[in-house]
Amino acid sequence: ITDGKTGTLVIWEKIDRLLKDYQRDGAKKTALKKILENLRFHFAMVYQRFLDPQYTETPITIYLNDVPVEPWDPFCLAETETTCTGHQVVRAELPEGGFSQFTLNAYVLPRKEKFSSLEAYSKANINNDMQGFYIYRENRLLHYGDWGAIRRKDPHFSLARVELSFDHTLDEAFNVD
């Protein structure tokens, strides 16, 4: 953090422990590169709504090895062919009395040929592992990429993604600890 700005600095040292199973230097470099790619994507996905000016007036910046992390939108809202197939605000009664609410939005992503570019299609990460529910608590992604007990993953649903968003008032109802 420089120029009098505030923030948090995380320094990860002695990562050689992550690479102890790799004997050759080339294999270690490849493994480390993959670990960093996965970490970058994890940050981009979990903190997307804090990174993306579309969701917040004061976006944060996360750097990984001095390179800013770009937000990843699982719903591809910038794509004109993305379809919102349902929007519902659900009112929930709280156990201690009173009410809260959560939001459900269902999206169908475009097929490959309907994306604005091949790069946009590639960034969408369309595969079986990414279909299903994306559960957000106060804009932070908690869980993604499955249908829970509702259904099994199916290649025919690889374009389907459902957003479930709630705030802290529903922590107990959703078993958030």
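## Talking through the fold

The protein has three helices and seven strands, where helices (H or I, at least four residues) and strands (E, at least two) are DSSP runs numbered from the N terminus. This is a predicted model, in which local features need pLDDT of at least 70, side-chain atom pairs count only at pLDDT 80 or more, and totals for chains, interfaces and linings use all residues. Residues are numbered from 1 along each chain as its sequence is written, and side-chain values use heavy atoms, with hydrogens and water left out.

Biologist: OK, and how many bridges join β3 and β4?

Modeller: Strand β3 covers residues 83-93 and strand β4 covers residues 99-108. Thr83 has Val108 as its bridge partner, while Arg91 is bridged to Gln101. The two strands pair in the antiparallel sense, and the bridge count is ten.

Biologist: Which residue in the hairpin of β3 and β4 takes a positive phi?

Modeller: This hairpin has five residues between the strands. The phi in question is near 100 degrees, and the residue is Gly97.

Biologist: Asn65 has a positive phi although it is not a glycine; is Asn65 buried or exposed?

Modeller: Its phi is about 55 degrees, and Asn65 sits in the loop between β1 (63-64) and β2 (67-68). Buried means under 20% relative accessible area, exposed over 50%, and partly exposed in between (1.4 Å probe, protein chains only). With a relative accessible area of 56%, Asn65 is exposed.

Biologist: What is the relative accessible area of Glu138?

Modeller: Glu138 is in the loop between β5 (132-137) and β6. Glu138 isn't a glycine, yet has a positive phi of about 45 degrees. Glu138 counts as partly exposed, with a relative accessible area of 37%.

Biologist: Zooming out, what share of the contacts with a separation of 6 or more comes from residues 24 or more positions apart?

Modeller: A contact here means heavy atoms within 4.5 Å. Across the protein, the share is 57%.

Biologist: And what percentage of the 177 residues is buried?

Modeller: The C-alpha trace spans about 55 × 45 × 35 Å along its principal axes. Buried residues make up 29%.

How values were computed:
Pairing = 2+ DSSP bridges.
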